[in-house]
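Here is a set of questions and answers on a predicted model. They take up backbone geometry, sheets and the ligand site in turn.

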Amino acid sequence: MEKKEIYVIGAGPAGLVAAINLNREGFRVIVKERQNGVGGEPGWHPSVHTTPVAMPGLWEYIGIDLSEAFVDTSDSCRLHMGNQDMGNIDFGSLGYRVFNTERGHRPTSLDSLLFRIAEKEGVEFEFRNSLKEDDLKELVGRSILSTGLSPEMYGWLNLDSSVFAGYWAYAEIERDHVSAGTYLGSFSNEYGYSAAMNGIWYVLLFARKEVAQENLDMFKRIVEASEHRQFDKWRRFRGQTPKGPKLFHRGFILAGTLGGFVEPAFGFGITGALLSGKISAVAVSNPDKAQTEFKRFTDGVISHIARKRNPGYNPSVNMGDVWFQVE
Ligand SMILES: Cc1cc2nc3c(=O)[nH]c(=O)nc-3n(C[C@H](O)[C@H](O)[C@H](O)COP(=O)(O)OP(=O)(O)OC[C@H]3O[C@@H](n4cnc5c(N)ncnc54)[C@H](O)[C@@H]3O)c2cc1C
């Protein structure tokens with residue numbers, strides 16, 4: 001009997017986890033990705049991300065052990081408030097551990113590890129295949145959409161979204177250096193972070209509106225002084241994220257950022273993308289079960305996003321309810 005075909009649009013962590021799981025369930029899985037290969041948007045990768053991971057629970061949940069792409073930074077992850085170094089964040093008392101992982105096209109990245117597993121198990125890939133609005137009609141009812149921050153999909157699907165600004169910097173450093181830092185201060189209404197591994201030092205400032213040059217200069221001075229390293233300049237990007245989480249929309253299944261797993265600081269970045277990839281695969285054969293799982297993980301993020309619209313919102317004290325545990 002011929003295998004039923006399923007399309008996954010976007011080969012980020014969410015799409016790749018979905019593809020591997022559906023392939024294991026016996027579907028013929030075709031991943032369409034607009035870049036030349038995996039590794040996402042070359043406009044801001046290679047990069048290093050920091051994410052809380054409940055191991056090995058997350059690997060059991062998604063059915064894929066990705067530990068080789070993660071390095072534990074729980075005991076060395078520093079918190080900076082303004083220009084004050086507050087010391088190590090006590091993740092143990094919060095009940096979880098944090099890890100760095102490399103993103104992008106290099107062989108050492110999380111993306112490349114997922115790709116190697118997917119390809120070995122028989123997932124098919126169509127690179128340089130950018131989905132267009134007209135293609136959507138043909139794919140209704142047999143596709144998972146996991147196109148991340150790309151703005152056009154929000155318009156095509158009529159999905160309510162918010163725009164944010166990001167400023168990033170990159171420097172090549174010694175390969176064995178691993179570090180992570182979180183930065184809160186008047187330079188942004190969100191937060192900044194730095195993360196290093198595999199010879200990359202990556203610094204990023206998120207914001208819900210454009211950041212003035214003097215604030216970028218201030219943040220650069222603080223990070224460079226704290227970490228005794230320098231970078232040449234800021235690169236800028238804009239991203240679009242949905243206003244709320246949604247698993248099913250107009251006959252499609254949404255995954256990763258597009259599905260509303262959008263709070264990197266507390267688990268809805270990389271960890272959320274991996275989780276949501278699994279949930280979107282379950283949604284193909286068992287929509288009710290997937291919806292229950294989706295709700296279980298996203299309830300916290302809904303109240304969190306609502307509070308972010310409050311002018312008095314302070315990211316340092318208001319994020320506690322967004323964390324989740326994989327049981
Ligand atoms: C600069 C930056 C730093 C971040 N730092 C952190 C961090 O420290 N910790 C953390 O947990 N999270 C972080 N995040 C968030 C994290 O990257 C995302 O949560 C995660 O990548 C979401 O995975 P995804 O699979 O949904 O989307 P993505 O990884 O964005 O993948 C989407 C894929 O879809 C492809 N695509 C887009 N449009 C089309 C189209 N029309 N046709 C075909 N393919 C298409 C893209 O090329 C891309 O490969 C960061 C994000 C950014 C941008």
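Q: Is arginine 128 buried or exposed, and what is its relative accessible area?
A: Arginine 128 sits in the loop between strand E8 (124-126) and helix H5 (133-139). Residues count as exposed over 50% relative accessible area. Arginine 128 is therefore exposed, with a value of 62%.

Q: What is phi of arginine 128?
A: Most residues other than glycine have a negative phi. Arginine 128 is a residue other than glycine with a positive phi, and the value is near 55 degrees.

Q: Is asparagine 198 buried or exposed?
A: Asparagine 198 belongs to the loop between strand E12 (192-197) and E13. Although not a glycine, asparagine 198 has a positive phi of about 50 degrees. Buried means under 20% relative accessible area. With 17%, asparagine 198 is therefore buried.

Q: Which residue does a cis peptide bond join to histidine 45?
A: Most peptide bonds are trans. Here omega is about 5 degrees, and the bond is cis.

Q: What is the order of the strands in the open sheet of three?
A: The edge strands, each pairing on one side only, are E3 and strand E4 (70-72). Neighbouring strands are turned by 30 degrees against each other on average, direction ignored. The pairing is antiparallel, and the order is E3-E7-E4.

Q: Which residue in E7 stands opposite threonine 51?
A: E3 and strand E7 (residues 98-103) pair in the antiparallel sense, over six bridges. In this pairing, the residue of E7 opposite threonine 51 is phenylalanine 99.

Q: Which strands stand at the edges of the open sheet of seven strands?
A: The order of this sheet is E6-E5-E11-E12-E13-E10-E14, and the pairing is mixed. From one strand to the next, the twist averages 20 degrees. An edge strand here has a single partner strand, so one side is left without a neighbour in the sheet. The strands at the edges are strand E6 (84-88) and strand E14 (235-242).

Q: How many of the six residues of strand E11 are buried?
A: Strand E5 (residues 77-81) runs parallel to E11, with five bridges between them. E11 is also joined to E12 by five bridges, and these two run antiparallel. Strand E11 (residues 179-184) is largely enclosed by the rest of the structure, because its buried residues number five.

Q: Which residue is the bridge partner of histidine 80 in E11?
A: The pairing of strand E5 with E11 is parallel. On the antiparallel side, towards E12, serine 179 stands opposite alanine 196. The partner of histidine 80 in E11 is tyrosine 183.

Q: Which residue in E13 stands opposite alanine 165?
A: Strand E10 (residues 161-172) and E13 pair in the antiparallel sense. Eight bridges make up this pairing. The residue of E13 opposite alanine 165 is alanine 207.

Q: How far apart in space are glycine 192 and glycine 181, C-alpha to C-alpha?
A: Glycine 192 is found in strand E12. Its relative accessible area is 0%, so glycine 192 is buried. In sequence, glycine 192 and glycine 181 are eleven residues apart. In space, C-alpha to C-alpha, the distance is 8.4 Å.

Q: What share of the accessible area that the ligand has on its own does the protein cover?
A: An oxygen atom of the ligand lies 3.0 Å from a backbone N or O atom of alanine 14. A polar backbone atom of arginine 34 is 3.2 Å from a nitrogen atom of the ligand. For a polar side-chain atom of arginine 103, the distance to an oxygen atom of the ligand is 2.9 Å. Of the 990 Å² that the ligand has on its own, the protein covers 94%.

Q: How many residues of the shell around the ligand are charged?
A: The ligand is surrounded by 35 residues, and the closest are Glu33, His49, Thr50, Arg103 and Ile270. The shell divides into 15 nonpolar and 16 polar residues, and the charged residues number four.

Methods. Residues numbered from 1 in each chain as written. Predicted model: local features only at pLDDT ≥ 70, side-chain atom pairs only at ≥ 80, totals over all residues. Heavy atoms only, no water. Near = heavy atom within 4 Å. Polar contact = N/O pair within 3.5 Å; in protein donor to acceptor, adjacent residues only side chain to side chain. Areas by Shrake-Rupley, 256 points an atom, 1.4 Å probe, with all protein chains shown as cover. Nonpolar A, V, L, I, M, F, W, Y, C, P; charged D, E, K, R; others polar. Helix = DSSP H or I, 4+ residues; strand = E, 2+ residues; numbered from the N terminus. Buried < 20%, exposed > 50% of the residue type's maximum accessible area, 1.4 Å probe, protein only. Pairing = 2+ DSSP bridges. Axes fitted to C-alpha atoms, helices over the stretch in contact; angles between N-to-C directions.
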